[in-house]
Amino acid sequence: MFRPDSQLAPFSPGKVAVAVLAALSLAGCAIGPDYVRPEAHLNLPAQYTAAPIATSPAIASSWWTLFGDAKLDELVAQALAGSPDARIASARIEEADALLRQVDAALLPQVNADAAGSRSRISQTNATPIPSTAPITRSSARLSLSTSFELDVWGKLRRASEAAKAQALGTRYASETVSLSLSAAVVQAYLNLRAIDAELRVTSDTVSSQARSAQLTRTRFEGGIASQLDVQQAEGALATYTAALLELEKSRALSENLIGLLVGQPGLQIPAGDLRNLPLPPAPPAGLPSTLLEARPDVRQAETDLIAANAKIGVAKAALFPSITLTGNFGRESKDLSQLFSAPSAIWSLGAGITQPIFEGGRLRAQVDQVTAQQKQSLESYRKAAYTAFREVNDALVKVRQSGETEDAYTNAMKAAKRALQLAQVRYDGGYSPYLDVLTAQRTANDATLAWVQNRQARLSATVELFKALGGGWKNS
(Lines give C-alpha, C1' and ligand atoms only; values in the text may rest on other atoms or scores of the structure.)
Protein backbone atom coordinates (compact mmCIF):
# COMPACT_ATOMS: atom_id res chain seq x y z
CA MET A 1 0.00 0.00 0.00
CA PHE A 2 1.29 3.43 -0.88
CA ARG A 3 2.29 5.62 2.12
CA PRO A 4 2.65 9.40 1.88
CA ASP A 5 6.21 9.24 3.19
CA SER A 6 7.29 6.37 0.95
CA GLN A 7 10.01 6.89 -1.66
CA LEU A 8 9.03 6.59 -5.34
CA ALA A 9 11.21 4.46 -7.62
CA PRO A 10 13.32 6.43 -10.09
CA PHE A 11 11.31 7.31 -13.22
CA SER A 12 13.38 6.94 -16.39
CA PRO A 13 12.62 7.20 -20.12
CA GLY A 14 13.77 3.62 -20.59
CA LYS A 15 11.06 2.28 -18.31
CA VAL A 16 8.51 4.39 -20.11
CA ALA A 17 9.62 2.91 -23.42
CA VAL A 18 9.23 -0.60 -22.00
CA ALA A 19 5.73 0.27 -20.84
CA VAL A 20 4.87 1.66 -24.26
CA LEU A 21 6.08 -1.49 -26.03
CA ALA A 22 4.12 -3.66 -23.63
CA ALA A 23 0.97 -1.66 -24.31
CA LEU A 24 1.53 -1.73 -28.07
CA SER A 25 1.85 -5.50 -27.95
CA LEU A 26 -1.79 -5.58 -26.86
CA ALA A 27 -2.89 -3.31 -29.68
CA GLY A 28 -3.38 -6.18 -32.12
CA CYS A 29 -6.86 -6.95 -30.76
CA ALA A 30 -9.94 -4.98 -31.74
CA ILE A 31 -13.13 -5.07 -29.71
CA GLY A 32 -16.34 -5.70 -31.62
CA PRO A 33 -17.50 -8.07 -34.36
CA ASP A 34 -15.52 -8.49 -37.57
CA TYR A 35 -17.58 -7.98 -40.71
CA VAL A 36 -18.86 -11.05 -42.54
CA ARG A 37 -20.91 -10.63 -45.71
CA PRO A 38 -24.48 -11.81 -44.93
CA GLU A 39 -24.97 -13.80 -48.15
CA ALA A 40 -26.79 -16.55 -46.31
CA HIS A 41 -29.43 -14.07 -45.13
CA LEU A 42 -30.45 -12.98 -48.67
CA ASN A 43 -31.99 -16.28 -49.85
CA LEU A 44 -31.92 -15.21 -53.51
CA PRO A 45 -32.37 -17.67 -56.39
CA ALA A 46 -29.22 -18.57 -58.31
CA GLN A 47 -30.46 -16.82 -61.46
CA TYR A 48 -33.28 -14.52 -62.52
CA THR A 49 -36.57 -16.34 -63.06
CA ALA A 50 -37.23 -14.53 -66.34
CA ALA A 51 -33.94 -15.63 -67.91
CA PRO A 52 -32.88 -19.14 -69.04
CA ILE A 53 -29.70 -20.77 -67.77
CA ALA A 54 -26.43 -20.27 -69.67
CA THR A 55 -22.97 -18.83 -69.20
CA SER A 56 -22.46 -15.75 -67.01
CA PRO A 57 -22.14 -12.38 -68.80
CA ALA A 58 -19.91 -9.56 -67.65
CA ILE A 59 -20.99 -5.98 -67.11
CA ALA A 60 -20.21 -3.24 -69.63
CA SER A 61 -19.88 0.23 -68.12
CA SER A 62 -20.68 2.34 -71.21
CA TRP A 63 -23.92 0.47 -71.89
CA TRP A 64 -25.59 3.36 -73.73
CA THR A 65 -23.13 2.96 -76.61
CA LEU A 66 -24.99 -0.25 -77.52
CA PHE A 67 -27.65 1.97 -79.12
CA GLY A 68 -25.10 3.04 -81.70
CA ASP A 69 -26.07 6.72 -81.68
CA ALA A 70 -23.24 9.28 -81.65
CA LYS A 71 -25.54 12.10 -80.50
CA LEU A 72 -26.73 10.02 -77.57
CA ASP A 73 -23.13 9.23 -76.59
CA GLU A 74 -22.34 12.94 -76.68
CA LEU A 75 -25.33 13.87 -74.50
CA VAL A 76 -24.54 11.23 -71.87
CA ALA A 77 -20.92 12.39 -71.72
CA GLN A 78 -22.06 15.98 -71.25
CA ALA A 79 -24.46 14.97 -68.49
CA LEU A 80 -21.84 12.97 -66.57
CA ALA A 81 -19.39 15.87 -66.82
CA GLY A 82 -21.56 18.96 -66.40
CA SER A 83 -24.70 17.96 -64.51
CA PRO A 84 -25.15 19.63 -61.09
CA ASP A 85 -26.08 16.24 -59.63
CA ALA A 86 -22.80 14.75 -60.84
CA ARG A 87 -20.82 17.65 -59.39
CA ILE A 88 -22.63 17.37 -56.05
CA ALA A 89 -21.77 13.67 -55.90
CA SER A 90 -18.13 14.47 -56.65
CA ALA A 91 -18.03 17.05 -53.85
CA ARG A 92 -19.48 14.48 -51.43
CA ILE A 93 -16.63 12.13 -52.28
CA GLU A 94 -14.15 14.88 -51.43
CA GLU A 95 -15.96 15.46 -48.13
CA ALA A 96 -15.87 11.75 -47.23
CA ASP A 97 -12.17 11.49 -48.10
CA ALA A 98 -11.42 14.47 -45.86
CA LEU A 99 -13.37 12.86 -43.02
CA LEU A 100 -11.39 9.65 -43.45
CA ARG A 101 -8.10 11.56 -43.22
CA GLN A 102 -9.38 13.27 -40.08
CA VAL A 103 -10.29 9.94 -38.45
CA ASP A 104 -6.99 8.30 -39.44
CA ALA A 105 -5.08 11.23 -37.96
CA ALA A 106 -6.14 10.02 -34.50
CA LEU A 107 -3.94 6.95 -35.02
CA LEU A 108 -0.83 9.17 -35.04
CA PRO A 109 0.70 11.20 -32.18
CA GLN A 110 -0.21 14.85 -32.01
CA VAL A 111 2.85 17.12 -31.69
CA ASN A 112 2.57 20.78 -30.70
CA ALA A 113 5.20 23.50 -30.56
CA ASP A 114 5.06 26.02 -27.75
CA ALA A 115 7.05 29.24 -27.45
CA ALA A 116 6.56 31.82 -24.70
CA GLY A 117 8.38 34.76 -23.25
CA SER A 118 7.59 37.13 -20.38
CA ARG A 119 9.07 40.01 -18.36
CA SER A 120 7.59 41.17 -15.06
CA ARG A 121 8.33 43.65 -12.22
CA ILE A 122 7.79 43.02 -8.51
CA SER A 123 6.23 45.73 -6.35
CA GLN A 124 8.69 47.25 -3.83
CA THR A 125 5.79 48.17 -1.54
CA ASN A 126 4.56 44.60 -1.31
CA ALA A 127 3.70 43.49 2.21
CA THR A 128 5.99 40.48 1.77
CA PRO A 129 9.60 41.54 2.49
CA ILE A 130 11.89 41.31 -0.53
CA PRO A 131 15.61 40.70 -0.06
CA SER A 132 17.70 43.65 -1.12
CA THR A 133 19.67 41.42 -3.48
CA ALA A 134 16.54 40.16 -5.31
CA PRO A 135 15.97 41.77 -8.70
CA ILE A 136 12.84 43.86 -9.15
CA THR A 137 12.31 42.77 -12.76
CA ARG A 138 12.35 39.20 -14.00
CA SER A 139 12.48 37.61 -17.46
CA SER A 140 11.53 34.15 -18.67
CA ALA A 141 11.76 32.38 -22.05
CA ARG A 142 10.40 28.95 -22.93
CA LEU A 143 10.54 26.84 -26.13
CA SER A 144 9.20 23.26 -26.14
CA LEU A 145 7.61 20.44 -28.10
CA SER A 146 4.79 18.45 -26.55
CA THR A 147 3.02 15.31 -27.70
CA SER A 148 -0.03 13.33 -26.70
CA PHE A 149 -0.94 9.89 -28.00
CA GLU A 150 -3.78 7.53 -27.13
CA LEU A 151 -2.78 3.87 -27.38
CA ASP A 152 -5.36 2.00 -29.45
CA VAL A 153 -5.26 -1.04 -27.17
CA TRP A 154 -8.88 -2.03 -27.72
CA GLY A 155 -9.11 -1.06 -31.39
CA LYS A 156 -11.44 1.90 -30.91
CA LEU A 157 -9.50 4.11 -33.32
CA ARG A 158 -9.03 1.30 -35.83
CA ARG A 159 -12.74 0.52 -35.78
CA ALA A 160 -13.48 4.21 -36.31
CA SER A 161 -11.10 4.20 -39.26
CA GLU A 162 -12.79 1.07 -40.61
CA ALA A 163 -16.19 2.80 -40.42
CA ALA A 164 -14.86 5.95 -42.09
CA LYS A 165 -13.28 3.92 -44.91
CA ALA A 166 -16.58 2.14 -45.52
CA GLN A 167 -18.42 5.44 -45.55
CA ALA A 168 -15.90 6.93 -47.98
CA LEU A 169 -16.35 3.93 -50.26
CA GLY A 170 -20.10 4.29 -49.88
CA THR A 171 -19.98 7.85 -51.21
CA ARG A 172 -18.23 6.53 -54.31
CA TYR A 173 -20.98 3.99 -54.82
CA ALA A 174 -23.52 6.75 -54.25
CA SER A 175 -21.77 8.75 -56.95
CA GLU A 176 -21.93 5.74 -59.26
CA THR A 177 -25.65 5.46 -58.49
CA VAL A 178 -26.10 9.10 -59.47
CA SER A 179 -24.15 8.52 -62.69
CA LEU A 180 -26.16 5.40 -63.51
CA SER A 181 -29.49 7.10 -62.81
CA LEU A 182 -28.43 10.22 -64.69
CA SER A 183 -27.26 8.34 -67.78
CA ALA A 184 -30.46 6.24 -67.75
CA ALA A 185 -32.57 9.39 -67.47
CA VAL A 186 -30.74 10.98 -70.42
CA VAL A 187 -31.17 7.85 -72.55
CA GLN A 188 -34.87 7.55 -71.68
CA ALA A 189 -35.44 11.23 -72.47
CA TYR A 190 -33.53 10.84 -75.73
CA LEU A 191 -35.60 7.80 -76.71
CA ASN A 192 -38.75 9.76 -75.96
CA LEU A 193 -37.48 12.60 -78.14
CA ARG A 194 -36.71 10.24 -81.02
CA ALA A 195 -40.11 8.58 -80.61
CA ILE A 196 -41.74 11.99 -80.92
CA ASP A 197 -39.60 12.64 -84.01
CA ALA A 198 -40.91 9.40 -85.51
CA GLU A 199 -44.50 10.30 -84.62
CA LEU A 200 -43.95 13.73 -86.14
CA ARG A 201 -42.86 12.16 -89.41
CA VAL A 202 -45.78 9.74 -89.44
CA THR A 203 -48.29 12.47 -88.60
CA SER A 204 -46.68 14.91 -91.03
CA ASP A 205 -46.99 12.33 -93.82
CA THR A 206 -50.61 11.79 -92.82
CA VAL A 207 -51.28 15.54 -92.90
CA SER A 208 -49.69 15.82 -96.33
CA SER A 209 -51.71 12.87 -97.59
CA GLN A 210 -54.86 14.24 -96.02
CA ALA A 211 -54.25 17.68 -97.55
CA ARG A 212 -53.94 16.12 -101.00
CA SER A 213 -57.04 14.07 -100.38
CA ALA A 214 -58.98 17.14 -99.23
CA GLN A 215 -57.91 19.09 -102.31
CA LEU A 216 -58.90 16.16 -104.55
CA THR A 217 -62.26 15.90 -102.80
CA ARG A 218 -62.94 19.59 -103.35
CA THR A 219 -62.03 19.19 -107.02
CA ARG A 220 -64.35 16.19 -107.31
CA PHE A 221 -67.10 18.16 -105.56
CA GLU A 222 -66.73 21.02 -108.01
CA GLY A 223 -66.99 18.51 -110.85
CA GLY A 224 -70.13 17.05 -109.35
CA ILE A 225 -68.56 13.72 -108.52
CA ALA A 226 -68.18 14.04 -104.72
CA SER A 227 -70.66 15.33 -102.18
CA GLN A 228 -70.41 18.23 -99.77
CA LEU A 229 -70.31 15.62 -96.99
CA ASP A 230 -67.10 14.18 -98.47
CA VAL A 231 -65.53 17.66 -98.50
CA GLN A 232 -66.42 18.37 -94.88
CA GLN A 233 -65.19 14.97 -93.76
CA ALA A 234 -61.87 15.46 -95.58
CA GLU A 235 -61.35 18.96 -94.21
CA GLY A 236 -62.31 17.87 -90.70
CA ALA A 237 -59.80 15.01 -90.82
CA LEU A 238 -57.12 17.40 -92.11
CA ALA A 239 -57.75 19.79 -89.21
CA THR A 240 -57.62 16.95 -86.69
CA TYR A 241 -54.26 15.63 -87.91
CA THR A 242 -52.89 19.19 -88.11
CA ALA A 243 -53.80 19.74 -84.45
CA ALA A 244 -52.13 16.44 -83.55
CA LEU A 245 -49.00 17.57 -85.40
CA LEU A 246 -48.90 20.82 -83.42
CA GLU A 247 -49.27 18.91 -80.15
CA LEU A 248 -46.35 16.68 -81.09
CA GLU A 249 -44.22 19.74 -81.88
CA LYS A 250 -44.99 21.08 -78.41
CA SER A 251 -44.10 17.74 -76.82
CA ARG A 252 -40.81 17.70 -78.70
CA ALA A 253 -39.86 21.14 -77.43
CA LEU A 254 -40.62 20.08 -73.85
CA SER A 255 -38.60 16.87 -74.24
CA GLU A 256 -35.70 18.87 -75.64
CA ASN A 257 -35.84 21.20 -72.64
CA LEU A 258 -35.73 18.20 -70.28
CA ILE A 259 -32.62 16.83 -71.97
CA GLY A 260 -31.02 20.28 -71.72
CA LEU A 261 -31.67 20.27 -67.97
CA LEU A 262 -30.23 16.76 -67.54
CA VAL A 263 -27.02 17.56 -69.42
CA GLY A 264 -26.62 20.98 -67.79
CA GLN A 265 -27.18 22.97 -71.00
CA PRO A 266 -30.39 25.03 -70.84
CA GLY A 267 -31.63 26.01 -74.27
CA LEU A 268 -30.10 22.93 -75.89
CA GLN A 269 -31.31 22.21 -79.43
CA ILE A 270 -31.09 18.72 -80.90
CA PRO A 271 -31.45 18.06 -84.64
CA ALA A 272 -34.40 15.94 -85.71
CA GLY A 273 -34.00 12.18 -85.87
CA ASP A 274 -36.17 9.09 -85.88
CA LEU A 275 -36.57 6.28 -83.38
CA ARG A 276 -36.95 3.86 -86.28
CA ASN A 277 -33.35 4.56 -87.26
CA LEU A 278 -31.99 3.41 -83.89
CA PRO A 279 -30.74 -0.18 -83.86
CA LEU A 280 -31.99 -2.57 -81.26
CA PRO A 281 -29.27 -3.28 -78.68
CA PRO A 282 -28.28 -6.92 -78.32
CA ALA A 283 -30.77 -9.04 -76.44
CA PRO A 284 -29.83 -9.95 -72.86
CA PRO A 285 -27.79 -13.14 -72.93
CA ALA A 286 -29.25 -16.28 -71.45
CA GLY A 287 -28.51 -17.16 -67.87
CA LEU A 288 -28.18 -13.84 -66.06
CA PRO A 289 -27.04 -14.97 -62.58
CA SER A 290 -28.50 -13.19 -59.56
CA THR A 291 -24.96 -12.43 -58.39
CA LEU A 292 -24.92 -9.67 -61.03
CA LEU A 293 -26.89 -7.52 -58.61
CA GLU A 294 -23.62 -7.06 -56.72
CA ALA A 295 -22.59 -4.79 -59.60
CA ARG A 296 -25.34 -2.35 -58.69
CA PRO A 297 -23.80 0.62 -56.86
CA ASP A 298 -26.83 1.07 -54.62
CA VAL A 299 -26.47 -2.52 -53.38
CA ARG A 300 -22.77 -1.95 -52.81
CA GLN A 301 -23.50 1.25 -50.95
CA ALA A 302 -25.99 -0.59 -48.74
CA GLU A 303 -23.26 -3.09 -47.92
CA THR A 304 -20.73 -0.37 -47.06
CA ASP A 305 -23.33 1.15 -44.74
CA LEU A 306 -23.58 -2.25 -43.07
CA ILE A 307 -19.77 -2.47 -42.78
CA ALA A 308 -19.63 0.98 -41.19
CA ALA A 309 -22.44 0.16 -38.76
CA ASN A 310 -20.68 -3.09 -37.83
CA ALA A 311 -17.43 -1.23 -37.11
CA LYS A 312 -19.22 1.36 -34.97
CA ILE A 313 -20.20 -1.42 -32.57
CA GLY A 314 -16.50 -1.92 -31.85
CA VAL A 315 -16.05 1.81 -31.27
CA ALA A 316 -18.90 1.86 -28.76
CA LYS A 317 -17.73 -1.29 -26.97
CA ALA A 318 -14.15 -0.02 -26.72
CA ALA A 319 -15.43 2.98 -24.77
CA LEU A 320 -16.27 0.57 -21.92
CA PHE A 321 -12.57 -0.29 -21.47
CA PRO A 322 -9.74 1.84 -20.08
CA SER A 323 -8.13 4.42 -22.32
CA ILE A 324 -4.35 4.79 -22.07
CA THR A 325 -2.70 8.06 -23.01
CA LEU A 326 1.02 8.85 -23.30
CA THR A 327 2.28 12.43 -22.98
CA GLY A 328 5.68 13.92 -23.48
CA ASN A 329 7.37 17.33 -23.37
CA PHE A 330 10.85 18.42 -24.38
CA GLY A 331 12.27 21.89 -24.62
CA ARG A 332 14.26 24.75 -23.15
CA GLU A 333 13.49 27.25 -20.42
CA SER A 334 15.66 30.06 -19.10
CA LYS A 335 15.35 33.43 -17.41
CA ASP A 336 17.96 34.75 -19.80
CA LEU A 337 17.26 34.43 -23.52
CA SER A 338 20.99 34.09 -24.26
CA GLN A 339 21.11 30.94 -22.08
CA LEU A 340 17.98 29.34 -23.60
CA PHE A 341 19.92 26.75 -25.62
CA SER A 342 22.57 25.94 -23.00
CA ALA A 343 22.65 22.47 -21.47
CA PRO A 344 21.32 23.47 -18.04
CA SER A 345 18.18 24.98 -19.70
CA ALA A 346 16.89 21.63 -20.95
CA ILE A 347 13.52 20.49 -19.67
CA TRP A 348 11.59 17.29 -20.39
CA SER A 349 8.78 15.19 -19.03
CA LEU A 350 7.19 11.85 -19.87
CA GLY A 351 3.90 10.63 -18.55
CA ALA A 352 1.22 8.01 -18.94
CA GLY A 353 -2.39 8.12 -17.89
CA ILE A 354 -5.21 5.61 -17.75
CA THR A 355 -8.91 6.40 -17.57
CA GLN A 356 -11.55 3.81 -16.73
CA PRO A 357 -15.25 4.64 -16.65
CA ILE A 358 -16.66 3.75 -13.23
CA PHE A 359 -20.17 5.17 -13.19
CA GLU A 360 -21.90 6.92 -16.09
CA GLY A 361 -25.51 5.90 -15.52
CA GLY A 362 -25.53 3.26 -18.25
CA ARG A 363 -24.74 5.79 -20.97
CA LEU A 364 -21.99 3.72 -22.59
CA ARG A 365 -24.05 0.52 -22.54
CA ALA A 366 -26.90 2.44 -24.12
CA GLN A 367 -24.59 3.60 -26.89
CA VAL A 368 -23.59 -0.01 -27.57
CA ASP A 369 -27.26 -1.00 -27.77
CA GLN A 370 -27.94 1.97 -30.02
CA VAL A 371 -25.24 1.15 -32.60
CA THR A 372 -26.16 -2.54 -32.44
CA ALA A 373 -29.73 -1.63 -33.36
CA GLN A 374 -28.40 0.57 -36.17
CA GLN A 375 -26.38 -2.38 -37.46
CA LYS A 376 -29.56 -4.47 -37.56
CA GLN A 377 -31.29 -1.73 -39.52
CA SER A 378 -28.39 -1.58 -41.98
CA LEU A 379 -28.56 -5.35 -42.42
CA GLU A 380 -32.25 -5.15 -43.31
CA SER A 381 -31.60 -2.19 -45.62
CA TYR A 382 -28.95 -4.26 -47.40
CA ARG A 383 -31.37 -7.17 -47.67
CA LYS A 384 -34.08 -4.85 -49.02
CA ALA A 385 -31.70 -3.33 -51.58
CA ALA A 386 -30.78 -6.81 -52.82
CA TYR A 387 -34.43 -7.90 -53.03
CA THR A 388 -35.39 -4.69 -54.84
CA ALA A 389 -32.55 -5.14 -57.32
CA PHE A 390 -33.62 -8.72 -57.99
CA ARG A 391 -37.24 -7.69 -58.61
CA GLU A 392 -36.27 -4.80 -60.88
CA VAL A 393 -34.11 -7.05 -63.05
CA ASN A 394 -36.89 -9.63 -63.35
CA ASP A 395 -39.43 -6.93 -64.19
CA ALA A 396 -37.15 -5.47 -66.87
CA LEU A 397 -36.53 -8.92 -68.37
CA VAL A 398 -40.27 -9.50 -68.64
CA LYS A 399 -40.78 -6.13 -70.33
CA VAL A 400 -37.95 -6.72 -72.79
CA ARG A 401 -39.27 -10.13 -73.78
CA GLN A 402 -42.94 -9.17 -74.01
CA SER A 403 -42.36 -5.90 -75.88
CA GLY A 404 -40.26 -7.80 -78.40
CA GLU A 405 -43.01 -10.37 -78.91
CA THR A 406 -45.66 -7.63 -79.14
CA GLU A 407 -43.70 -5.82 -81.84
CA ASP A 408 -44.38 -8.64 -84.30
CA ALA A 409 -48.13 -8.18 -83.80
CA TYR A 410 -47.89 -4.40 -84.22
CA THR A 411 -45.81 -4.87 -87.37
CA ASN A 412 -48.49 -7.12 -88.90
CA ALA A 413 -51.24 -4.71 -87.87
CA MET A 414 -49.38 -1.78 -89.44
CA LYS A 415 -48.83 -3.60 -92.73
CA ALA A 416 -52.47 -4.71 -92.88
CA ALA A 417 -53.71 -1.18 -92.14
CA LYS A 418 -51.58 0.31 -94.92
CA ARG A 419 -52.88 -2.28 -97.41
CA ALA A 420 -56.44 -1.56 -96.29
CA LEU A 421 -55.88 2.16 -96.86
CA GLN A 422 -54.67 1.53 -100.39
CA LEU A 423 -57.71 -0.63 -101.13
CA ALA A 424 -60.12 1.88 -99.61
CA GLN A 425 -58.63 4.67 -101.71
CA VAL A 426 -58.93 2.58 -104.90
CA ARG A 427 -62.54 1.66 -104.13
CA TYR A 428 -63.42 5.28 -103.40
CA ASP A 429 -61.76 6.49 -106.58
CA GLY A 430 -63.75 3.89 -108.51
CA GLY A 431 -66.99 4.91 -106.86
CA TYR A 432 -67.50 1.62 -105.05
CA SER A 433 -67.33 2.91 -101.43
CA PRO A 434 -68.00 6.18 -99.56
CA TYR A 435 -65.24 8.53 -98.50
CA LEU A 436 -65.89 7.55 -94.88
CA ASP A 437 -64.18 4.21 -95.63
CA VAL A 438 -61.04 6.10 -96.71
CA LEU A 439 -61.08 8.22 -93.56
CA THR A 440 -61.51 5.15 -91.39
CA ALA A 441 -58.67 3.35 -93.16
CA GLN A 442 -56.47 6.44 -92.90
CA ARG A 443 -57.07 6.73 -89.16
CA THR A 444 -56.45 3.02 -88.67
CA ALA A 445 -53.18 3.13 -90.61
CA ASN A 446 -52.02 6.22 -88.74
CA ASP A 447 -52.90 4.74 -85.34
CA ALA A 448 -51.25 1.40 -86.19
CA THR A 449 -48.01 3.11 -87.21
CA LEU A 450 -47.97 5.25 -84.07
CA ALA A 451 -48.70 2.17 -81.94
CA TRP A 452 -45.71 0.41 -83.55
CA VAL A 453 -43.48 3.41 -82.77
CA GLN A 454 -44.70 3.55 -79.17
CA ASN A 455 -44.09 -0.18 -78.70
CA ARG A 456 -40.58 0.18 -80.15
CA GLN A 457 -39.93 2.98 -77.65
CA ALA A 458 -41.28 0.76 -74.85
CA ARG A 459 -38.97 -2.03 -76.02
CA LEU A 460 -35.91 0.22 -76.01
CA SER A 461 -36.95 1.77 -72.68
CA ALA A 462 -37.30 -1.70 -71.15
CA THR A 463 -33.74 -2.42 -72.27
CA VAL A 464 -32.60 0.77 -70.55
CA GLU A 465 -34.42 -0.34 -67.39
CA LEU A 466 -32.58 -3.67 -67.58
CA PHE A 467 -29.24 -1.90 -68.03
CA LYS A 468 -29.98 0.24 -64.99
CA ALA A 469 -31.32 -2.67 -62.92
CA LEU A 470 -28.12 -4.63 -63.56
CA GLY A 471 -25.95 -1.66 -62.66
CA GLY A 472 -24.77 -1.37 -66.28
CA GLY A 473 -24.95 -3.22 -69.57
CA TRP A 474 -23.65 -6.65 -70.41
CA LYS A 475 -21.17 -8.36 -72.66
CA ASN A 476 -20.42 -12.01 -73.06
CA SER A 477 -17.44 -13.12 -71.01
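Start by selecting Arg142 and its surroundings: setting aside residues within four places in sequence, Arg142 contacts Asp114, Ala115, Ala116, Asn329, Arg332, Glu333 and Ile347. Keep in mind as you look that this is a predicted model. Arg142 sits in strand E3, which covers residues 137-151. Is Arg142 buried, exposed or partly exposed? Arg142 is partly exposed, because its relative accessible area of 27% falls between the 20% and 50% cut-offs.

## Zoom out

Before going further, show the whole chain as a cartoon. You will find 8 helices and 6 strands in the protein. Followed from the N terminus, the elements come in the order α-β-α-α-β-β-α-α-α-β-β-α-α-β. Of the 477 residues, 38% are buried. Switch to a surface view: the protein exposes about 26,500 Å², with 58% of that area supplied by carbon and sulfur atoms. As for the contacts, take those between residues at least 6 apart in sequence: 84% of them join residues at least 24 apart.

## Helix H5 and what follows

Next, select residues 228-262, which form helix H5. Which span does H5 reach from its first C-alpha to its last? The 35 residues of H5 reach 52 Å, close to the 51 Å expected at 1.5 Å a residue. Step just past the end of H5 to Gly264, where the backbone takes a positive phi of about 75°.

## H6 and its two partners

Two packed helices are described by the angle between their axes and the distance between the axes. With that in mind, colour helix H4 (residues 156-222) and H6. The axes of H4 and H6 are 8 Å apart, at an angle of about 165°. H4 and H6 are therefore roughly antiparallel to each other, and their crossing is left-handed.

H6 passes H7 in a left-handed crossing.

## Pro297 in H6

Stay on helix H6 and select Pro297. Pro297 is buried, because its relative accessible area of 4% is under the 20% cut-off. What does Pro297 touch, apart from residues up to four places away in sequence? The list is Tyr173, Glu176, Thr177, Leu180 and Gly471. While you are here, draw a C-alpha to C-alpha distance from Pro297 to Ser175: these residues are 122 apart in sequence and 8.4 Å apart in space.

Is Ser403 buried or exposed? Ser403 is buried, since its relative accessible area is 7% and the cut-off is under 20%. Show the side chains around Ser403 and look for Asn455 and Arg459, which Ser403 touches when residues up to four places away in sequence are not counted.

Notes
Residues numbered from 1 in each chain as written. Predicted model: local features only at pLDDT ≥ 70, side-chain atom pairs only at ≥ 80, totals over all residues. Heavy atoms only, no water. Buried < 20%, exposed > 50% of the residue type's maximum accessible area, 1.4 Å probe, protein only. Contact = heavy atoms within 4.5 Å. Helix = DSSP H or I, 4+ residues; strand = E, 2+ residues; numbered from the N terminus. Areas by Shrake-Rupley, 256 points an atom, 1.4 Å probe, with all protein chains shown as cover. Expected span 1.5 Å × (residues − 1). Left-handed = near helix turned anticlockwise from the far one by under 90°. Axes fitted to C-alpha atoms, helices over the stretch in contact; angles between N-to-C directions. Parallel < 35°, antiparallel > 145°, perpendicular 65-115°, else oblique.
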